[in-house]
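Hello,

Here is the structure I promised to pass on. Please open it beside this note, and the findings follow below.

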Amino acid sequence: MKTTWLSLRVAAFCLFVTSLAAPLVAQEAQPSGVVARPVAIARPPALSDAAALVSEFDVNGLKVLIKRREGSQTVVAGLFIKGGARNISAANAGIENLMLDAASEATVNFPRQRLRTQLSRMGTAISSGVNYDYSALTLGSTRANFDRSWDIFTDVALRPAFTTEDVERVRNRIVLSLRGDADTPDSYLQALQARVAYAGHPYLNDPRGTAEAVSRLTAESVRRYHKQMMETSRLLLVVVGDLDPHLLRQRIAASFGKLPRGDYRPTPLPELSFAASTVEVTKRDLPTNYVQGVFAAPGLASPDIYPMRVAASILQSRLFVEIRAKRNLSYAPDAFLWSQGSNLGGMSVSSTDANQSVRIMLEEIGRLQREPIPQSELKRTVQHYLTRYYLGQETNAAQAGELAQAELIGGGWRSSAVFMEKIGAVTPADVQRVAEKYMRNIRFVVLGDPKSVDTTIFTGQAGG
């Protein structure tokens, strides 16, 4: 499957938390009697006014967001399909992924060889990706070659050939990849976690599909599905680059604006909720036990997402110190917060002593719940966010992806412009509150030796 700036699996590509937490070895106590204050952060003026750079308009029911970056020599566009896992069933899981992947093989006006030749000559890339909440067909080109690249992109989106040969070739490649997931402990652990965490939830239908389900898909079923999805009410178009929004609007009206409007309204996503801590152990002959535990977390549109990001980042730092630096129990213990409509946070570790590692994880969660974090630790965490956030926003692709994510599952695209303000307003009391509210009733999965796992440790969280 093709990779792009759209995360292929939100579970595997959490956008901010896991990569933002640097190990903080020195811990400083906050002086008693000091009132916690939000951390002041300095922001570059160009990004503080990010919302003013975005043009929003409607073309026959298609919402369009265009962010103008003057002087940029590249352009990125993404046609996003709403719904994600809610669009599919167990029987056809993977069809949206197959459709998008096969669409760029050939179109009505650009046969396979001609399409590849022209894209290669211009240095233009057309790709796709899926996740639990939405999918996308993406375009990346130079500004000089945008006009021709746009013509090809719209033909890929609207008039894909979907020949039997192309669909079968792409389908076989996807099936081979899916069958290989069980051979890799990390990938298999994610599959085991999904079965436990998403039981009874729309996310149980993985947008990538299963080898069995994808094997049954045909070129004809892909054509029917494409026709169903190509309604403007199901789509979002995001473009970032040095382009005139008024001129681009005319081109959008001449292409995507001719699609039927439809009456799609996404069904609300049920929140994930776990009543108790559990652990499921799958036997596998491995040198270490692979462990992951998840808890229900606030979605991206919730005000709690900001203190929860800070809490997850601090937990990750503390786990690094306690599990790796001090005890050398694991090379890469982790804490994370995913970015989904129905969201999860959690922890993972690969260790020869899973029991001790998990005991430390639960102890550190308990410490977050009982003790306000020092103001100095909060400041370091927020400043680290600041640096990594702006570094992560350097490319047009990253900015397009963030706009789309905020619009589709984050309460609206404008929320992306206030991210750092919200992070900077988090207090120690906020972190303690969300840790107490969300970091409980953890669902663990273990891949390894069942005899070495004391399940009472995994389910013994105080107050869980």
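Strand E2 (residues 62–68) is largely enclosed by the rest of the structure, because 5 of its 7 residues are buried. Buried here means under 20% relative accessible area, exposed means over 50%, and partly exposed is in between (1.4 Å probe, protein chains only). Helices (H or I, at least four residues) and strands (E, at least two) are DSSP runs, numbered from the N terminus.

Before going on, please keep in mind that this is a predicted model: local features need pLDDT of at least 70, side-chain atom pairs count only at pLDDT 80 or more, and totals for chains, interfaces and linings use all residues. Residues are numbered from 1 along each chain as its sequence is written, and side-chain values use heavy atoms, with hydrogens and water left out.

Which strands pair with E2? One partner is strand E1 (residues 54–59), which runs antiparallel to E2 and is joined to it by 6 bridges. Two strands count as paired if DSSP finds at least two bridges between them. Val 54 has Lys 67 of E2 as its bridge partner. The hairpin of E1 and E2 has 2 residues between the strands, and Asn 60 takes a positive phi near 50 degrees there. E2 also pairs with strand E6 (residues 235–241), in the parallel sense and over 6 bridges. In that pairing, Lys 63 stands opposite Leu 236 in E6. A general point to hold while you look at these strands: in a regular strand the side chains alternate between the two faces of the sheet.

Strand E5 (residues 134–142) is another one to look at. It is mostly covered, with 7 of its 9 residues buried. Strand E3 (residues 74–82) runs antiparallel to E5, and 9 bridges join the two; Phe 80 has Ala 136 of E5 as its bridge partner. Strand E4 (residues 125–130) also pairs with E5 in the antiparallel sense, over 6 bridges. Here Val 130 is partnered by Ser 135 in E5, and a hairpin of 3 residues joins E4 to E5.

Now for the whole protein. It has 17 helices and 11 strands, and buried residues make up 57% of its 464 residues. Among contacts between residues at least 6 apart in sequence, 84% join residues at least 24 apart, where a contact means heavy atoms within 4.5 Å. The protein exposes about 19300 Å², of which carbon and sulfur atoms supply 51%. Accessible areas come from the Shrake-Rupley method with a 1.4 Å probe; for residues, only the protein chains shown count as cover.

How confident is the predictor, and where does pLDDT stay under 50? The average pLDDT is 89, and 89% of the residues score at least 70; pLDDT is the predictor's confidence in each residue, from 0 to 100. Over residues 1–48 pLDDT stays under 50, and the model has 134 contacts beyond four places in sequence for that stretch.

The largest pocket holds about 680 Å³. It is lined by 32 residues, and Leu 269, Glu 271, Gly 299, Gly 341 and Ser 342 are the closest to its centre. Strand E8 (289–297), helix H14 (396–409) and helix H16 (428–438) each give two or more residues to this lining, and H14 supplies the largest share, 3 residues. As for method, on a 1 Å grid over the protein atoms alone, a cavity is a set of points where a 1.4 Å probe fits but cannot get out, and a pocket is an open set with protein on both sides within 12 Å along at least five of seven lines; lining residues have an atom within 4 Å of a point. Grid points are joined across faces, edges and corners, and a volume is the space filled by probe spheres set on the points.

The whole structure has 5 cavities of 30 Å³ or more.

Finally, two loop residues other than glycine have positive phi values. Phe 162, in the loop between helix H5 (146–158) and helix H6 (164–180), has phi near 50 degrees and counts as buried because its relative accessibility is 3%. Asn 328, in the loop between H11 and strand E9 (334–337), has phi near 55 degrees and counts as exposed because its relative accessibility is 62%.

Best wishes
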